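Dear colleague,

Please find the structure below, handed over for your records.

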Amino acid sequence: MQLTVIGFWGGFPAAGEASSGYLLEHDGFKLLLDCGSGVLSRLQTFVSPNELDAVLLTHSHPDHTADIGVLQHALLIGHMSGGKEKCLPIYTHSDDAVFTETLQYKSYTTWEPVKEGVTAQIGPFLVSAMKTAHSVPCFAYRIEAGGRVFGFTGDTAFKEEFAPFFQGAHVLLSECNFYKGMEAAGRAGHLTSEHAAVIARDAQAERLILTHLPHFGNVHQLKEEAAGFFDGEIGLASTGLTIEI
Ligand code: ZN
């Protein structure tokens with residue numbers, strides 16, 4: 001599997017960048033994980049929208065879904081301009097009415113529900129979901145392909161259940177919206193650097209990438225704080241960062 005960071009900011013994108021969006025590729029299959037504000041613009045640096053094979057969303061907050069509408073327009077206009085017609089499946093949970101209203105768009109996108117406890121096959125990826133602790137329904141995902149394991153927390157407060165869910169992950173991409181010692185759970189449901197590192201440690205993950213980064217403070221401090229709790233490799237998400245999982 002190969003992971004490319006399209007956007008990594010929490011809440012809203014910094015100038016010229018994007019909020020949550022990640023391209024996960026395996027055997028030529030291109031899965032877009034989250035599609036937040038700024039993602040469609042940044043995505044085109046790497047692939048064109050009609051090269052995507054599927055989209056997988058964690059939850060309905062705009063920093064994870066704001067560019068779904070413009071992705072749908074890109075598919076429509078691409079087809080009207082002589083490109084091949086393609087129906088892009090968008091996978092996510094069924095616990096948010098917004099999804100039923102927005103993810104089905106003409107013949108260009110379909111909404112494909114994912115259920116906790118039921119493994120979904122999306123192209124070459126085996127996808128398991130776990131409900132997180134956030135202000136709206138949200139899924140964390142464990143994604144397996146080619147004998148490798150990738151975990152993504154989505155947005156969430158700390159939960160003990162993450163350790164077994166992400167057990168043995170080769171790469172854990174964890175949200176990290178707050179610094180160590182800050183109140184994170186009560187602010188919509190987020191993680192600190194300490195929480196992210198403890199999840200990686202208890203899941204015996206090989207590598208931790210911190211994302212959904214805050215717009216305040218020095219984000220490099222998050223990595224230093226996490227290193228106090230997790231011995232594996234730790235990185236900060238950045239635009240265009242590409243990782244072989
Ligand atoms: Zn959120």
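Among contacts in the chain between residues at least 6 apart in sequence, what percentage join residues at least 24 apart? The share is 57%, where contact means heavy atoms within 4.5 Å.

Please note that this is a predicted model, in which local features need pLDDT of at least 70 and side-chain atom pairs count only at pLDDT 80 or more, while totals for chains, interfaces and linings use all residues. Residues are numbered from 1 along each chain as its sequence is written, and side-chain values use heavy atoms, with hydrogens and water left out.

The chain has seven helices and 14 strands; these are DSSP runs numbered from the N terminus, with helices (H or I) of at least four residues and strands (E) of at least two. Its radius of gyration is 17 Å, close to the 18 Å that the globule rule gives for 245 residues, so the chain is as compact as a globular protein of that length. The radius is taken over C-alpha atoms, and the rule is 2.2 Å times the number of residues to the power 0.38. Of the 245 residues, 55% count as buried, meaning under 20% relative accessible area with a 1.4 Å probe, protein chains only.

Ser60 lies in the loop between β4 (54–56) and α2 (62–65), and it counts as buried at 16% relative accessibility. Its side chain forms a polar contact of 2.7 Å with that of Asp96 (a pair of N or O atoms within 3.5 Å, one able to donate a hydrogen and the other to accept it; residues adjacent in sequence count only if both atoms are side-chain atoms).

With kind regards

Definitions and conventions:
Buried < 20%, exposed > 50% of the residue type's maximum accessible area, 1.4 Å probe, protein only.
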